[in-house]
Structure formats: structure tokens, C-alpha cells
Amino acid sequence: MEPGDRSGKRYLTAREAAEELGVSVRTLYAYVSRGLVRSEAAGGGRRGRRYRAEDVRRLKERKEHRRDPARATEGALDWGMPVLESGISLIADGRLYYRGRDAVALSGERSLEQVAQLIWTGSMAPGDRAAVPELFRAAARSVAGCPRLSVEGTRPVLDELGLALQAAASGDPAAYDLRPAAVVRTGARILRLLVGAATGRQDAGETAARALQRRWVPRDEGAAEILDRALVLCADHELNVSSFTARCVASAGATPYAAVVAGLAALGGVRHGGGTERVEAFLAEVEATGNPREVVASRLRRGEAVPGFGHRLYPDGDPRAAALLAALAEGYPGSGTLELAEGAAEAAGALVGERPNVDFTLAVLARVLDLPPGGALALFALGRAVGWIGHAIEQYASGSLIRPRARYVGEPPR
């Protein structure tokens, strides 16, 4: 952590908060009284109060923006100030919410299809998670004759998914109707096509999770529930790079197919969803040695990162990862792979002070269930496609083109 950078802390002392804001402690107290900065008792037998670091950072950004708007936007595209409005997901107080509903709670109760309807329309179809909403039954009838690919081929999984969409897009002229209700219907067809590409076939009465379970884990019907949890927890995550990419493409008036293909391209980067492959290599090393602590320590000695741990938006731990690991522990208590993964998480916590993120947990899930190669990334993509479509719907409705200006830093004109 750089001097003066307290971004990894959730709480600050009064002195730290005042220094961050460049004000006196007395002025800090005034901000608290006006509701601009939240405070609470320090706890742990200590006197005094502590102050929410996210409130301090937000207030600091507002002050900088008022003082120098041009300079304040420099970091806006790198974890900085919000640049777009969205009503889809919120990350606050260490939790993730979809349209105001806790994503972890939704993952334990609802299917990906039901959550897709929530994200796309603001409401969910009634019924339990095994019931397929009529929107997706209708989509199944529409795409019944479309070409299907299998992600278990020789091409990378995201390439396979992208090819399936591109093959179907030219035969779907209704996708050019960019009104919200029409895009919802197109989104349902796209999700059906993606699941069909991943499984070879999806029956009209099957949820995405059940189709994946039938194809990937045929002897374990209970795996459908944990696959559904993973899909729901991957559905959206604010303006991550793939969602922002999909949104930019949608802003140009391209079809939802193009927006999702663009999202797939961004997801494959090693600094985004492609990071699951690095976690898989790390887990393979842990499994080969049987000594998680030594594997983590060796990586640190070599100056290498320990993949799958820490998330800038969740200083106290990624709630998606915690929920999935708990579900795996409950459903597969005797798994040796899970035991080694838990050991790796303990070692990383002790040596680097970080907790598992969703990349780590998807890779663990893939190994515990023995999914085909690329299964972890396929789950990520299938779930996140719901968010990409949701962002496309919002962007089409806004009618605006995302076209930021660049600050020129090259040679002056001659």
C-alpha cells in the first residue's frame, strides 16, 4: 500500500480520515453530523469511534471533482468515480445486490432464468427454481433449429460460445428490434443458444443448470443446485470490463448478439474471467504436492502472485466466493479436492492476508465436480451473459452513445 493510500482498509481512525480528506478532525466531525461520513464505535474494548473508508473516499472524490473536474476524471475508468448510471447491481457494505435483492440469497432460492427476468425486467416469474419461465420455453421453441456446438471440442470455450452466437445471429432478424421487451425476448434466445452450445442440447423444460448437470455431471443430480448458485452469483457485477464492453457495443446500436460476443471477448482476458485458468493451474500444483502452504510460500519466494485471492471491492472477502465454498462444503463434505482448496485458502489468508474471490471458487467447483476442461470459465460466461444483456437493455433505452474524450499527451501540433 502506497503512503497515503488506505484503499484496502474498511475503516479509518479519526486522524486517518481527516488526513485523507485534508481537513481537521473537527471538520470531520461536522461531515459525520451531516451524514456524509458514517461512524461507529471502535469495539474490541477500545474507546473512540471508527469511520467508513468508502464514505471518506467518496467524499474525497466529490471534493476533487468540484475543485478540478478534468483531473478528477483521470481515474474514473480505473476503479474511480462512477461514469454511468445503472439500476442492475449494487456493491455496498461487502454485499452484492441485484435490483435491491441480495445476490447470495437469490442464489440459494432462484434459478438463473428467474434472476435473468429480474435483471432484465425488474420482476421475477413465480415458482421454484426447477420451473422454467414461459419466456425461456418460448425461446427454446424459437431456437430449436439453430446450429449447436460443443464446448468440449478443440477450441477454447469462449471461442465456441462466440461461434455459436455468430452462427445464429444472421438468422435472427428480430434481434434488430432494440425496444426493451424485444431485447428481453432476444436475450432469452441468446441464453438458450449459449447453454445449447455448452451442452449440445437443452430441452425446453430444462433450466440452464439442469442441462449443464445432465451433460457434465450425469451421475450427480444434486449438482444442478450448486451449478445454479454459481450461475446466479456470476450474473452481474456492476461495470466490470466485460459489461462495460458490452454496453459500449450496445450504445452503437449493435444487436444484443454483438454485445454478448464482445462481452465474451473481454471475459477471456487473463485479468478478468480468464484468471480462472491461472487458479486451475495453482490448484493443480496444490493437488500434486499435497502441501498448500508450501505452494503459496514458494510462489511468494519466486515473486509470483497467488491467483484467486483478494478483490478490491470486497476488503473483507468476496461474498460470492464465501457462499459457494459453504455450499460445496455442505454438499461434498468428503471431497479431498475441497479439503486441499480450503488448505490453500487458509495458507493464502495467513501469508498474504487475502480471502478467496469468485475466480478461485469457480475453479474449485470445477475440480470438485470434475467438470470438462473450460467448465469454470463456461459457467462464468453463461452467468455473466445475463448481466451483459441487462446492460444492453439499459443502454438501448438511454439512447446515448458512449464516446468519452481522450486527453492528448502526444507531441504538440507542428
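## Packing of α6 against α19

In this predicted model, helix α6 (residues 112–121) packs against α19 at an angle of about 20 degrees, and their axes are 9 Å apart; axes here are lines fitted to C-alpha atoms, for helices over the stretch in contact, and angles run from 0 to 180 degrees between N-to-C directions. The two helices α6 and α19 are therefore roughly parallel to each other, given that angles under 35 degrees count as roughly parallel, over 145 as roughly antiparallel, 65 to 115 as roughly perpendicular and the rest as oblique.

On the α6 side the contact is made by Leu-112, Ala-116, Ile-119 and Trp-120, and on the α19 side by Leu-382, Gly-383, Val-386, Ile-389, Gly-390 and Ile-393, where contact means heavy atoms within 4.5 Å. These residues of the contact of α6 with α19 divide into 8 nonpolar, 2 polar and no charged; Ala, Val, Leu, Ile, Met, Phe, Trp, Tyr, Cys and Pro count as nonpolar, Asp, Glu, Lys and Arg as charged, and the others, Gly among them, as polar.

Glu-394 lies in helix α19, which spans residues 375–398, and with a relative accessibility of 17% Glu-394 counts as buried (buried means under 20% relative accessible area, exposed over 50%, and partly exposed in between, with a 1.4 Å probe and protein chains only). The side chains of Glu-394 and Arg-247 are joined by a polar contact of 2.8 Å, that is, a pair of N or O atoms within 3.5 Å of which, within protein, one must be able to donate a hydrogen and the other to accept it, with residues adjacent in sequence counting only if both atoms are side-chain atoms. When neighbours within four places in sequence are left aside, Glu-394 is in contact with Glu-85, Ser-86, Gly-87, Ile-88, Arg-99 and Arg-247.

Tyr-396 also has its place in α19 and is buried, its relative accessible area being 12%. A polar atom of the Tyr-396 side chain lies 2.5 Å from the backbone oxygen of Ala-254. Not counting residues up to four places away in sequence, Tyr-396 touches Leu-178, Val-183, Ala-250, Ala-254, Thr-255 and Pro-256; the C-alpha atoms of Tyr-396 and Leu-178 are separated by 6.5 Å, although these residues are 218 apart along the chain.

## Packing of α12 against α13

Helix α12 (residues 241–251) and helix α13 (residues 256–267) pack at an angle of about 150 degrees, with their axes 8 Å apart, and α12 and α13 are therefore roughly antiparallel to each other. The contact is made by Val-241, Ser-242, Thr-245, Ala-246 and Val-249 of α12, together with Ala-258, Ala-259, Ala-262, Gly-263, Ala-266 and Leu-267 of α13. By class, the residues of this contact of α12 with α13 comprise 8 nonpolar, 3 polar and no charged.

## Two residues with positive phi

Most residues other than glycine have a negative phi. Arg-99, which lies in the loop between β5 (95–98) and β6 (101–102), has a positive phi near 45 degrees, and Arg-99 is partly exposed, with a relative accessible area of 30%. Asp-370, in the loop between α18 (358–369) and α19, has a positive phi of about 60 degrees although it is not a glycine, and at 61% relative accessibility Asp-370 counts as exposed.

## The chain and the basis of the values

The chain holds 19 helices and 6 strands, where helices (H or I, at least four residues) and strands (E, at least two) are DSSP runs numbered from the N terminus. Of its 414 residues, 49% count as buried.

Residues are numbered from 1 along each chain as its sequence is written, and side-chain values use heavy atoms, with hydrogens and water left out. As this is a predicted model, local features need pLDDT of at least 70 and side-chain atom pairs count only at pLDDT 80 or more, while totals for chains, interfaces and linings use all residues.
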